[in-house]
Amino acid sequence: MTAATVAPPRTPPSTSDTTTTPRTRGDAAPWLFLAPFGVLYLLFVLGPTAYGFVLSFFDTSLVRPGLGDAVGFGNFTALLASADFWSSLGNTVRFTLFTTPVLVVLSLVLAVLVNRVGRGNRVFRFAFFLPYVLPSATVALIWMFILTPDSGGLATVLGAVGVDAPSWLGDPDWAMQAIAGVTLWWTLGFNFVLYLAALQDIPRELYEAAAIDGAGPWQQTARITFPLLHRTTALVTALQLIASLKVFDQIYLMTMGAADTRPVLEYVYDTGFTDYRVGAASAASMLYFLLILLVSGLWLLATRRRDREVIR
Amino acid sequence: MTLNRRQALKAMALGGTALATAACGSPLASGLVATPLEPEKVAFWNLWSGGDGARAQQIFERYRTARGAGSLEATTLAWGSPYYTKLSLSIVGGRPPDVAVCHLSRLSNFARAGLLTELTPAMLRGAGIDGAQFDTSVWRSGLVDGRAYGLPVDIGALVLYYNTEICGRAGLLDASGRLKPITGEATFRAALAATREAGARWGLVSPVIADPSSNWRIFDTVYTQMGGQDVLGDNGTRVTMDDRTAAESLRWLRELTTAGLSPDTATDVTSVSLFAAGQSAFLVHGAWQTPTIVDSKVPFSLAPVPQLFERPAVFADSHALVFPRTDSGDGPGRALGFAKFFLENTDVWAQGGSLPVYRPVLEGSWFRDYEPVASTAPTKDIAIYDPPAWYSGAGSTMQTSVGAQVALARQGLASPEDAVRAIRDALTGYAATPSPL
């Protein structure tokens, strides 16, 4: 059963087709259908990426015509020596470490719990997913009210029980944690829904059989639910990792990058658009692109290997 | 089935063409073919999202009353670097507004980047505008290599707001109900302590959290008053900050909190609301917060930021009206007419707290009698602007990176020396970067 669900779909052996006319039409058709997407992808993803790659070797300015002067690897060496770049990279990594594990584990726990709820299941599903539909600006506004030092909601509540609240968004010891907390509340619903869907895919008979064999609820969860959610966990973790590494909106809106929270993407934005240094910004995004590629590649390799082990 | 689908596709294609034809003159179509949307209309971008925005709206209404309801499209964008980023991109992208607000501290960078239309003497004459109509020093600081690129509107400085009721109880007012002059930091701290004894929760509030620009303004004022020279020299290619004085000024600011005179938790908004709620005797903030405080009905008045140390100085900046470069090469034409109208109506603007610099208004009897704003007029002569650099100016990288460290020092999260070291490191990095202008 396990093997069946995780085995890659087998491609049917290619049979030589004798009818020629439908065959050529059949060859062209997929490409035609792909063409609109292909054109857009080329125009808005591959093209700009290639352009960005070229720009990263020039001192291109936003407000000067043309590419500017070629500087070789100058942008990259300056970047590697820049404390600002490294600290922004550190901030993004910190945010990822604060958010990814919690968002994966907590959404799994909540999904398993909600899946067990008979009545009121819908209420919980709705409640956990609701924040996810809010735009980042709304989330930032709500939480900036709550996190306002002294007079904000959280400070008032903590004050009532005698706790002196820190300045959540102003104190570097707290700002990133506060933003990670907000992100947790905001985006948990997405992972939660993925897990819930996967849970509902697990056949009931397995639990019945296990129950007959004398497995208790905890054993059922540990031996059936978690192993069968393995693929979803791999997917959720990969998506979450990429989403966390791409963090920008909520930080930009809530602290503008102050208090040691500026993520690497805001560094790129600030350098390229605010400081007009498009060449340097391109170099930074190229470096970061490579880094994300590396992380996703490693993750893919790791999960592939585990897949194979499961099949064996 | 196939036929049906073909028909459907054909119908859709026809419909699309029809839509496109019908859309001529719509924003979409004019955006696509780059024709002016409505040649009669002046598009104006500003960053007046604070209390001063309400006064700007009144001037816009006057203009619409005079020139027709559709004569002006005013857009207010978020203050600071988001605004300047959008403005630059709109000009580079060839879709700028006809006229926009630009801080004087940003103007020379915009002009040097070739983003602005030069206002030639002929153009100004044609619109009935003359440099002599403006406060001389402000007009001069708006010139770039002797050429005019913008029309200054005001001087917006840090000012001292005081609660007249609390200060009265603390014995800080003179017979006419105005704040007795405060000179020297000891006197100032004694005054703050007196207001606390008179029942105020805080002596002084000012923004500390999530507001790097305010932190920069306050730091720059105290630092310069202590005798510190410009933090940047040679157009920003050298860091000329006097580290000892800088650390000294941060230590002094921090002591206001440790002495219990001033909170280190206020933001831009809460500092104003604490003062407006009568919880603090003084507020140091930009003059542009005046309308918000007027609306709160708290009894207050304005005074210049007192001279606390050896040298009188206070941070200031000015708004100017600028005319983005256009590819067509047309002059600003109608937009210049709007600018003239705005300047003539800066009496309304002055109610927003900033000092007008258009002489007919500044020297008019109405303004001279307009308390409390007129009482901050001496600020004009001790105003300090940002040092020139490609990364300085309102909401700039310099303000943000310095302000962030100032905020840490004021909260006691970094020692003054560490904060100054971090400021120097950040600025040194920028000073070494070739200007992209």
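Me: Is Asp135(B) buried or exposed?
Reply: Asp135(B) counts as buried, because its relative accessibility is 8% and the cut-off for buried is under 20%. Keep in mind that this is a predicted model.

Me: Which residue forms a salt bridge with Asp135(B)?
Reply: Lys380(B) does, with the closest N and O atoms 2.8 Å apart. The pair links distant parts of the chain, 245 residues apart. Lys380(B) is in the loop between α17 (365–368) and β16 (383–384) of chain B. Asp135(B) is in the loop between α6 (121–126) and α7 (136–141) of chain B.

Me: And Lys380(B), how accessible is that one?
Reply: Lys380(B) has a relative accessible area of 22%, so it is partly exposed.

Me: What about Arg251(B), which residue does it form a salt bridge with?
Reply: Arg251(B) pairs with Glu248(B), and the closest N and O atoms are 3.3 Å apart. Both sit in helix α11 (residues 243–258) of chain B. They are three residues apart there, so about one helical turn separates them. Arg251(B) is partly exposed at 27% relative accessibility. Glu248(B) is partly exposed too, with a relative accessible area of 40%.

Me: Over to chain A. Which residue forms a salt bridge with Asp270(A)?
Reply: Arg262(A), and the closest N and O atoms are 2.8 Å apart.

Me: Why do Asp270(A) and Arg262(A) count as buried?
Reply: Asp270(A) counts as buried because its relative accessibility is 14%. Arg262(A) counts as buried because its value is 17%.

Me: Now the interface. How many residues of chain B are in contact with chain A?
Reply: 24 residues of chain B are in contact with 21 residues of chain A. The area buried between the two chains is about 2100 Å². Carbon and sulfur atoms give 60% of that area.

Me: Which three residues supply 21% of the area that chain B buries against chain A?
Reply: Thr85(B), Thr265(B) and Pro436(B), and that is more than any other three residues supply.

Me: How many salt bridges between chain B and chain A?
Reply: The count between them is zero.

Me: What does Thr148(A) touch?
Reply: Leaving aside residues up to four places away in sequence, Thr148(A) touches Ala155(A) and Thr270(B). Thr148(A) lies in the loop between α6 (136–147) and α7 (153–160) of chain A. Its relative accessible area is 14%, so Thr148(A) is buried.

Me: Where is Trp31(A) found?
Reply: Trp31(A) is in helix α2 (residues 20–55) of chain A. At 64% relative accessibility, Trp31(A) counts as exposed.

Me: Back to chain B as a whole. How many helices and strands?
Reply: Chain B has 19 helices and 16 strands. Of its 437 residues, 56% are buried. Chain B exposes about 17800 Å², with carbon and sulfur atoms supplying 54% of that.

Me: What share of the contacts in chain B comes from residues 24 or more positions apart?
Reply: They account for 76% of the contacts with a separation of 6 or more.

Me: Backbone next. What is the phi of Asp260(A)?
Reply: It is positive, about 55°, although Asp260(A) is not a glycine. Most residues other than glycine have a negative phi. Asp260(A) lies in the loop between α12 (249–254) and α13 (264–274) of chain A. Asp260(A) is partly exposed, with a relative accessible area of 46%.

Me: And what is the phi of Asp145(B)?
Reply: Asp145(B) has a positive phi of about 50°, and it is not a glycine either. Asp145(B) is in the loop between β4 (143–144) and β5 (147–148) of chain B. Its relative accessible area is 64%, so Asp145(B) is exposed.

Me: Last topic. How many disulfides over all chains?
Reply: Zero disulfides over all chains.

Me: Cys102(B) and Cys167(B), buried or exposed?
Reply: Cys102(B) is buried, at 0% relative accessibility. Cys167(B) is buried, also at 0%.

How values were computed:
Residues numbered from 1 in each chain as written. Chains lettered and ligands numbered in written order. Predicted model: local features only at pLDDT ≥ 70, side-chain atom pairs only at ≥ 80, totals over all residues. Heavy atoms only, no water. Disulfide = S-S within 2.5 Å. Buried < 20%, exposed > 50% of the residue type's maximum accessible area, 1.4 Å probe, protein only. Helix = DSSP H or I, 4+ residues; strand = E, 2+ residues; numbered from the N terminus. Contact = heavy atoms within 4.5 Å. Areas by Shrake-Rupley, 256 points an atom, 1.4 Å probe, with all protein chains shown as cover. Buried area = accessible area lost by both parts, 1.4 Å probe. Salt bridge = Lys/Arg side-chain N within 4 Å of Asp/Glu carboxyl O.
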